[in-house]
Amino acid sequence: MLHLQKEQGILAFSTERGFVDADAPYDGFNITWYTDDDAQHVADCRRDLCQMLEIDDQHLVLPRQVHDTKVAEVTAENLGDRFEGIDALITTLPRTCIGVSTADCVPILIYDVHTRAIAAAHAGWRGTVARIGRKTIQAMQQRYGSEPENLKVAIGPSIGPDAFEVGDEVYEAFEQADFDMQRIAFKRNGKWHIDLWQANALDLQLMGIPEKNIEIAGVCTYQYYDQFFSARRLGIKSGRIYTGIMIK
């Protein structure tokens with residue numbers, strides 16, 4: 001388990017694969033139930049994580065993500081739901097771990113030091129272009145009255161700029177969405193590369209979050225696929241990292 005944000009009363013982390021055959025796509029710790037992994041293996045991993053977190057299964061929440069920007073609030077009434085078609089979660093429930101599933105996409109964790117609200121968002125390149133981080137913060141503002149200056153952010157393990165080579169259409173999608181291309185993109189050997197870490201961090205700063213409040217893990221899943229699942233390395237049919245946050 002890689003610990004991310006170190007805030008008192010908050011646990012923020014990403015799961016690691018463990019000791020595995022790095023090239024076996026499902027070998028390692030995986031709780032994502034909508035992959036093609038063996039159902040019993042997923043259930044066993046989920047049970048182990050609940051034991052580590054000292055919570056019951058109902059309080060470990062993972063939505064079924066679809067690369068969209070819908071945000072859902074986790075409440076006492078909907079605990080146990082599968083949250084279909086959701087790419088970001090928010091809550092103020094204690095001892096409830098919310099998180100997202102990734103294997104190169106960017107996981108974003110948010111903590112409000114004033115209201116003690118938390119959030120987890122899944123930002124693939126499409127979600128980043130659509131500004132899911134910003135929309136998650138807006139949901140926290142509307143529901144909990146969160147103020148950007150009170151927010152702490154952790155950007156977890158995900159594909160780094162050196163590995164994230166893209167076609168012109170992806171570059172153009174970011175450009176048309178008014179991202180600062182000089183700060184998030186560069187060309188190497190005739191191919192565009194995009195820094196999803198900076199793209200998300202800069203967009204959150206535009207929302208008013210101080211730069212010093214944004215922590216980037218800087219761990220490239222493509223490079224360290226033996227430690228973290230990488231869809232570009234292993235294929236889309238592979239395990240997933242769970243990046244979660246919980247109020248202790």
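1. Burial and Ser146. A residue is called buried when its relative accessible area is under 20%. In this predicted model, Ser146 has a relative accessibility of 2%, so Ser146 counts as buried. Ser146 belongs to the loop that runs between α3 and β9 (151-155). Its side chain makes a polar contact of 2.6 Å with the side chain of Asp112. Leaving aside residues up to four places away in sequence, Ser146 touches Asp112, Thr115, Met140, Gln141 and Leu151.

2. Which helix holds Gln142? Gln142 is part of helix α3 (residues 132-144). Is Gln142 buried or exposed? The cut-off for exposed is over 50% relative accessible area; Gln142 has 71% relative accessibility and therefore counts as exposed. From Gln142 to Tyr242 there are 100 residues in sequence, and the C-alpha to C-alpha separation in space is 27 Å.

3. The largest nonpolar core. This core has 43 residues. Ile108, Ile110, Met140, Val153, Phe174, Ile184 and Ile194 are the members with the most contacts inside it. Helix α6 (residues 196-206) supplies the largest share of this core, six residues. Met140, one of the residues with the most contacts in the core, is also among those that Ser146 touches.

4. With residues up to four places away in sequence not counted, Ile110 touches Ala117, Ile118, Ala119, Thr136, Ile137, Met140, Leu151, Lys152, Val153 and Ile245. Another core, of 20 residues, lies apart from the largest one. Its members include Ala72, Tyr111, Ile245 and Ile247.

5. The five-strand sheet. The sheet is open, its strand order is β1-β2-β14-β6-β3, and its pairing is mixed. Strands β1 (2-3) and β3 (60-61) stand at the edges; each has a single partner strand, so one side of each has no neighbour in the sheet. Strand β2 (residues 10-14) and strand β14 (residues 241-247) run antiparallel and are joined by five bridges. Which residue of β14 is the bridge partner of Phe13? The partner is Gly244.

6. Aromatic pairs. The model has four aromatic pairs. One of them, Trp33 with Tyr34, is edge-to-face, at 5.1 Å centre to centre and with 85 degrees between the planes. Trp33 has a relative accessible area of 23% and is partly exposed. Tyr34 is at 22% relative accessibility and also counts as partly exposed. In the pair of Tyr171 and Trp192, the ring centres are 3.9 Å apart and the planes are at 20 degrees, so this pair is stacked. Tyr171 is in helix α4 (residues 168-176) and Trp192 is in strand β12 (residues 191-194), so the pair ties together parts that are 21 residues apart in sequence. Both Tyr171 and Trp192 are buried.

7. Charges over rings. Where does the charged end of Arg82 sit? The charged end of Arg82 is over the ring of Trp33, at 4.1 Å from the ring centre. Trp33 therefore takes part in an edge-to-face pair with Tyr34 and also has the charged end of Arg82 over its ring. For Arg131, the charged end sits over the ring of Phe179, 4.3 Å from the centre of that ring.

How values were computed:
Residues numbered from 1 in each chain as written. Predicted model: local features only at pLDDT ≥ 70, side-chain atom pairs only at ≥ 80, totals over all residues. Heavy atoms only, no water. Phe/Tyr/Trp six-rings, centres within 6.5 Å; stacked < 30°, edge-to-face > 60°. Buried < 20%, exposed > 50% of the residue type's maximum accessible area, 1.4 Å probe, protein only. Helix = DSSP H or I, 4+ residues; strand = E, 2+ residues; numbered from the N terminus. Lys NZ or Arg CZ within 6 Å of the ring centre and 35° of its normal. Pairing = 2+ DSSP bridges. Polar contact = N/O pair within 3.5 Å; in protein donor to acceptor, adjacent residues only side chain to side chain. Contact = heavy atoms within 4.5 Å. Core = buried A, V, L, I, M, F, W, Y, C linked by side-chain atoms within 4.5 Å.
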